[in-house]
Structure formats: C-alpha cells, structure tokens
Amino acid sequence: MGERSLQAVTVRLAHQGRSRAADREALLASAAELTGADPASTGVGRRCAHCGSDTHGQPWATVHGVAVGVSLSRTPGVLALAVGPVGLGVDVERVSRVAAAPLDASTPGEHARYGADPVRLAACWAAKEAVLKRDGRGLRVDPAAVDVDLDAGTAVLDGAVHRVRVLHLDDDLVLAVATDTERIVLDDQRDR
C-alpha cells in the first residue's frame, strides 16, 4: 500500500451511480487507485456496529489486509468518496435541500451562532453527519447531540472534540470532512 494514502484524505467528487451498489463499486475503485493498490487486493463493505449486518452501517476498506479509512455521501447529482487514514467521515449537502426541509437538530449554541442562515445551517448539518459517520453510529445518534462550531472547525460529541473541515464547493453545495488528518485533497471528477 502506498504511503500517500496514509498522509492525506482524498475526497473524490463524482456523479452518483445508477444504484447504491454502483456507488460502492466506485468506492472500491477509489480506495484501490488512491492507495496505489490492485483492486483485487482491495476489499470494501459495510458493517453495522449495532446489529452486525453487512447490508448497512459504516463502510470499511482494506488494502492488502490493512485497514484504510473510507466514507461515502450522496446528495442529488453528487457522490463524495473519501479515502484516507482510518477514522474519517464525509458528508456532502445541497444548501437548497437543507433549507427546503429544515430540521430542528441545532444545539442552543448553534442557534446563537448561525440563526437562520441557510448556508451556515447546511454546513452545520454536513459537519454533524460527517462526525456521526466518523463515530460509526451515524443517525442512530440524535444530530442535536453534536455541537458544531464552524469558525473553530470543531464539533463536540459525547465530550470528545472532533476536527471538521467545511468546504463550500459552490453556492448550493457544501462538503464536510471529519478527520484528524491535516491534509485534504479534493479530486473533482464531475466534469470528466
């Protein structure tokens, strides 16, 4: 496995596949390519920490038997695939979609910091989901249990502080990556 895979999180943006299975195949291909491994030596799957099912839950990957961090997110028209060190979560959201279906998942601190600003609320929601994916429990945890401070680049869950990077990809698209890794590489393949 190439060392570059352990020194950065690469987030590949693409168009969604025709099915969730196609998106999982894209994750396998990305994990192999971004670590410099042969796809035959790369495995991906899902595992639910709650029930043990392999049909849903947190995605996992191995390259030559070594664990690699992976995460996947979808929003209409966009697929985000993240590959890097173990312990990462990614979420991509459309500002318009979050604004059209407002959720009361904000903490009192978030209400005070962001009010009704749709761009900041979408970024906050993406950060919450990225942290919950990194945590492995996903939306089994109430998103209001995650307190996001966009300016500090942090989110607190169960007393633990998680680093979260938020990128505004355009006026309607926000990406959040929860990772301790310093370097994030964006690989936008949507126009290819």
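Select Asp-158 to begin: this residue sits in the loop between strand 8 (154-157) and strand 9 (160-170). Helices (H or I, at least four residues) and strands (E, at least two) are DSSP runs, numbered from the N terminus. The structure is a predicted model, in which local features need pLDDT of at least 70 and side-chain atom pairs count only at pLDDT 80 or more, while totals for chains, interfaces and linings use all residues. Residues are numbered from 1 along each chain as its sequence is written, and side-chain values use heavy atoms, with hydrogens and water left out.

Asp-158 has a positive phi of about 50° although it is not a glycine. Its relative accessibility is 60%, so Asp-158 counts as exposed; buried means under 20% relative accessible area, exposed over 50%, and partly exposed in between (1.4 Å probe, protein chains only).

Next, select His-64, in the loop between strand 3 (58-63) and strand 4 (66-75). His-64, also not a glycine, has a positive phi near 50°.

Proceed to helix 4 (residues 118-135). Its 18 residues should span 26 Å at 1.5 Å a residue, and the end C-alpha atoms are 25 Å apart, which agrees; the expected span is 1.5 Å times one less than the number of residues. At the N-terminal end, Asp-117 caps the helix, with a side-chain oxygen 3.0 Å from the backbone nitrogen of Val-119. After helix 4 comes Gly-136, with a positive phi near 100°. The buried residues of the helix include Trp-125, Lys-128, Glu-129 and Arg-134. Cys-124 is buried too, because its relative accessibility is 2%.

Thr-107 counts as buried because its relative accessibility is 8%. Apart from neighbours within four places in sequence, Thr-107 is in contact (heavy atoms within 4.5 Å) with Lys-128, Ala-144, Val-146 and Asp-147. The side chains of Thr-107 and Asp-147 are joined by a polar contact of 2.3 Å. A polar contact is a pair of N or O atoms within 3.5 Å; within protein, one must be able to donate a hydrogen and the other to accept it, and residues adjacent in sequence count only if both atoms are side-chain atoms.

Finally, select the cysteines. How many disulfides are there? With a disulfide taken as a pair of cysteine sulfur atoms within 2.5 Å, the count is zero. Cys-51 is in no disulfide, and the nearest cysteine sulfur, that of Cys-48, is 3.7 Å away. Cys-51 counts as partly exposed, because its relative accessibility is 48%.
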